[in-house]
Every structure is written in structure tokens, then in C-alpha cells.
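User: I am new to this structure and would like to go through it step by step. Could we begin with the charged side chains and then change topic?

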Amino acid sequence: KYEKIWLTFGTSALVIFLVILGISAVHQGHSPAASGIETINPEHVRDDARFKEPGLYEAESDEYDYELYFVASAFQYEPREVEIPKGSRVRIHVTTPDVIHGFEIAHTNVNMMVEPGLISKYTANFNKEGEFLIICNEYCGVGHTDMTSLIKVT
Ligand code: CUA
């Protein structure tokens, strides 16, 4: 009789353990989204409405004035040039279909790593007029040093 009780107890413990394992796996799967990093299939970057025609768009949320989308690929950024009205609060989203790139806006504190499979995000206020060069600061191949884009704050 005791054997049966122990067997039942053992089986229940195993089931509970597996359930807990399952729950934590689901939570871990969701944690990147919760922390603001979003995943994307690098082979389908262009199929994503946001990265089909990267550029500056009016923000839907009140938190930002604009959403700015960039595709970094060997060896260029799209868009090649973008104009931002002075005083704008901009949510920047960058992804890549190929290899790791950098995304640094010279003379600002915007500096991100861009990895295939992830969308890197940063919020920046453009309060100073002028031209700001975007440069790649992760070695990505022979065209690495030519990989630039320009932000014009007007
Ligand atoms: Cu892209 Cu270096």
C-alpha cells in the first residue's frame, strides 16, 4: 500500500517539475520582447512592413514624434540620407539581413550594435541643427569604412 502512495507522489513530483520547466521556458522566450529588444527573421527583413521602405515616419505613440527605420547591410545604410526636424524626439530602429554592423551617430551618444535576427532600438532627441554622420563601428568586411549615412537636422 505504501508503495502505491510513494509511486503516486513520485509521479506527481515529476509532473510538477515538468510543468515548472515548461512555464520558465515560455517566460524566457518572452523576456527579450519585454526588455525592448525585438527579434526578426534576418531572411525576411524586407518582408517586414517597417523595413520595406526604411526612413522617417510619424510616430503612432505620443512618446515620440517620429519612428526612424534603418536597414544596415554590407556596405550601406538605408536610407542613405534622412532629414529630421529640429527638436524631434525619435525612436530609432535598426536591423540587418547579413552580418553584425555598428550604428553610431558621430558626436552624439547614439551607439548601437546591429545584429542579424534582432532589432536594435534607441530613443534620441535631435535638438541641434546640423549634419550628423552615421558610421559603422563594427568591422563587417571590405566595404566597412565606406559604410555611412547622413542625418540632417533642420
Ligand atoms: Cu558595417 Cu562595418
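This is a predicted model: local features need pLDDT of at least 70, side-chain atom pairs count only at pLDDT 80 or more; totals for chains, interfaces and linings use all residues.

User: Which residue does Arg-50 meet in a salt bridge?

Analyst: The partner is Asp-48, and the N to O distance in this salt bridge is 2.9 Å.

User: Is Asp-48 buried or exposed?

Analyst: Asp-48 is buried, because its relative accessible area is 17% and the cut-off for buried is under 20%.

User: How many salt bridges are there?

Analyst: The count comes to five salt bridges. One of them joins Lys-121 to Glu-38, with the closest N and O atoms 2.7 Å apart.

User: Where do Lys-121 and Glu-38 lie?

Analyst: Lys-121 belongs to strand S9 (residues 118-126), while Glu-38 belongs to strand S1 (residues 38-39). The pair therefore ties together parts that are 83 residues apart in sequence.

User: How accessible is Lys-121, and how accessible is Glu-38?

Analyst: Lys-121 is partly exposed at 24% relative accessibility. Glu-38 also counts as partly exposed, with a relative accessible area of 24%.

User: What does Lys-152 form with Glu-81?

Analyst: Lys-152 forms a salt bridge with Glu-81, and their closest N and O atoms are 3.1 Å apart. This pair links distant parts of the chain: Lys-152 is in strand S11 (residues 148-153) and Glu-81 is in strand S5 (residues 81-84), 71 residues apart.

User: And the accessibility of Lys-152 and Glu-81? What are the values?

Analyst: Lys-152 is partly exposed at 24% relative accessibility. Glu-81 is partly exposed as well, at 47%.

User: Which residues do salt bridges that share partners join into one network?

Analyst: The network consists of Glu-38, Asp-48, Arg-50 and Lys-121.

User: Changing topic to the cysteines: how many disulfides does the structure hold?

Analyst: The structure holds zero disulfides.

User: Are Cys-136 and Cys-140 buried or exposed?

Analyst: Cys-136 is buried, at 8% relative accessibility. Cys-140 is buried too, with a relative accessible area of 13%.

User: Now the surface. Which residues form a nonpolar patch there?

Analyst: Tyr-2, Ile-5, Trp-6 and Phe-9 form that patch, and together they have about 560 Å² of accessible area.

User: Where does Tyr-2 lie, and why does Tyr-2 count as it does for exposure?

Analyst: Tyr-2 lies in helix H1, which covers residues 2-34. Tyr-2 counts as exposed because its relative accessible area is 66%, and exposed means over 50%.

Notes
Residues are numbered from 1 along each chain as its sequence is written. Side-chain values use heavy atoms; hydrogens and water are left out. A disulfide is a pair of cysteine sulfur atoms within 2.5 Å. Buried means under 20% relative accessible area, exposed over 50%, partly exposed in between (1.4 Å probe, protein chains only). Patches are made of residues with over 30% relative accessible area and no salt bridge: like charges are joined within 9 Å, nonpolar side chains (Val, Leu, Ile, Met, Phe, Trp, Tyr) within 5 Å. Accessible areas come from the Shrake-Rupley method with a 1.4 Å probe; for residues, only the protein chains shown count as cover. A salt bridge is a side-chain nitrogen of Lys or Arg within 4 Å of a carboxyl oxygen of Asp or Glu. Helices (H or I, at least four residues) and strands (E, at least two) are DSSP runs, numbered from the N terminus.
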